[in-house]
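I opened a notebook for this chain and looked up one thing at a time. The entries follow in that order.

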Amino acid sequence: MSMVPLPGLKEMVEGISKERNLPKHAVQAALREALLKGYERYRRTQKLDHFSEEYFDNFDVELDAEQEGFRVLANKTIVEEVVNPDHEIALSEVQEVATEAQPGSIVLVDVTPNQKEFGRMAAIQTKQVLAQKLRDQQRKMIQEEFKDLEETVLQARVLRFERQSVILAVTSSFGQPEVDAELPKREQLPNDNYRANATFKVYLKKVGEGSTRGPQLLVSRADAGLVVYLFANEVPEIEDGVVRIVAVAREANPPSRHVGPRTKIAVDTLDRDVDPVGACIGARGSRIQVVVNELRGEKIDVIRWSPDPATYIANALSPARVDEVRLVAPEGRRAHILVAEDQLSLAIGKEGQNVRLAARLTGWKIDIKDIAKYDREAEDSKLAAEETRLDQLAAEEEAEFEEDMESSSEAEDVGTIDETETRVGS
């Protein structure tokens, strides 16, 4: 078999493998693809005929590290009469070396050109394509390595800054090479100091696919999943399943810079001897303080979940003291929260943050009211009037729908009669 020499092939594969943190077989695969592109380029310049994109799918490249060279091979179908010599080979030609050959069988044929010009052109094309193929191999390796780690937490180290994003180095496990990950502006915490080589725990939101430029890993410091992980890692009762996290509402990047990041987390347990809130807070706040420190001072409210909506909503508005919760429209999940005047600002929170997070946590629309000024009869009248208006709208929509259905039915009946008359007349 003929061979195109590639001096230093073995050393080149080993060097690229170390430099790119890729296994040798991945480097060789990229090199074979690049050399095959070189062969395609050579063929296209040698022949003016148009080749389709799939024309060279039956061709492959074989690397020989020991002899430092490569061959071009093609799978060809045995036929009686050859029409396309790139895809077919004559039966008589094959039977010269294999008398048992039959038409329709596939044979592997060495099609390496003998021209010296091919080696030079292949080298040029290989240099142009190899870098891209190596990047493709790296993307593939990252996808395989990190796909199962989506929605988990990784340790990261700050490398550099690109526009408003922070580029971090993360690893999937001990001993694995570092991989670049992007922490966009919207996923950063305002209290973090992203200096070079600073380390953080980050939540892996997504592993990118395809041939996108830049880091494939999208990580977050603002995702609620990070809070869940930190508590599960710090509270043995959560890891053991004794205490469960029911819901999390987090505002890591408040709409105003005058309001700090804050999280509300609802926990519960089926064990009567365990206090789920106390378990998360720890003795003298030791457990929750670890989480707060990791989140750079973010305020965290741990509250007890309850199957009773009124109790759950009252707990969610902590640290405010709630006098009464009125579920004014259970179907629409709306509630009036009655508090004393001195609790109003605490219940609402700075720029509405506390009530906003409580609403997200519970899934109820919450309206804070001063209990001293709350007029129950007036509020009940408003609700009754609103319900009447909604009922009227629903009735009108239903009537319009029924009218449309009747019109549609009449039109179908007319069409049926016309068709019948046409058949009778004919």
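Entry 1, strand E3 and its partners. I found that E3 and strand E4 (residues 88–90) run parallel and are joined by three bridges. Isoleucine 78 stands opposite isoleucine 89 in E4. I took helices (H or I, at least four residues) and strands (E, at least two) as DSSP runs, numbered from the N terminus. Two strands count as paired if DSSP finds at least two bridges between them.

The model is predicted: local features need pLDDT of at least 70 and side-chain atom pairs pLDDT 80 or more, while totals for chains, interfaces and linings use all residues. Residues are numbered from 1 along each chain as its sequence is written, and side-chain values use heavy atoms, with hydrogens and water left out.

I then went through the antiparallel partners of E3. Strand E5 (residues 106–110) is joined to E3 by five bridges and runs antiparallel to it; alanine 74 stands opposite valine 109 in E5. Strand E2 (residues 59–64) is also antiparallel to E3, with six bridges, and glutamate 62 has arginine 71 as its bridge partner in E3. The hairpin of E2 and E3 has four residues between the strands, and glutamate 68 there takes a positive phi near 55°. Strand E1 (residues 4–5) has two bridges to E3, again antiparallel.

I listed the buried residues of H8 (residues 286–294) as Ile288, Val291, Val292 and Glu294. They line one face of the helix, because they fall within an arc of 165° seen down its axis; the arc is that of the directions from the helix axis to the C-beta atoms. Their cover includes strand E9 (199–207), helix H5 (224–234), helix H7 (276–281) and strand E13 (299–304). Arginine 296, which follows H8, has a positive phi near 60°.

A pocket is an open set of points on a 1 Å grid over the protein atoms alone where a 1.4 Å probe fits, with protein on both sides within 12 Å along at least five of seven lines; lining residues have an atom within 4 Å of a point. Of the 19 lining residues, Gln138, Arg139, Ile142, Val179 and Asp180 are closest to the centre. Helix H4 gives the most to the lining, six residues.

Key: Buried < 20%, exposed > 50% of the residue type's maximum accessible area, 1.4 Å probe, protein only. Contact = heavy atoms within 4.5 Å.
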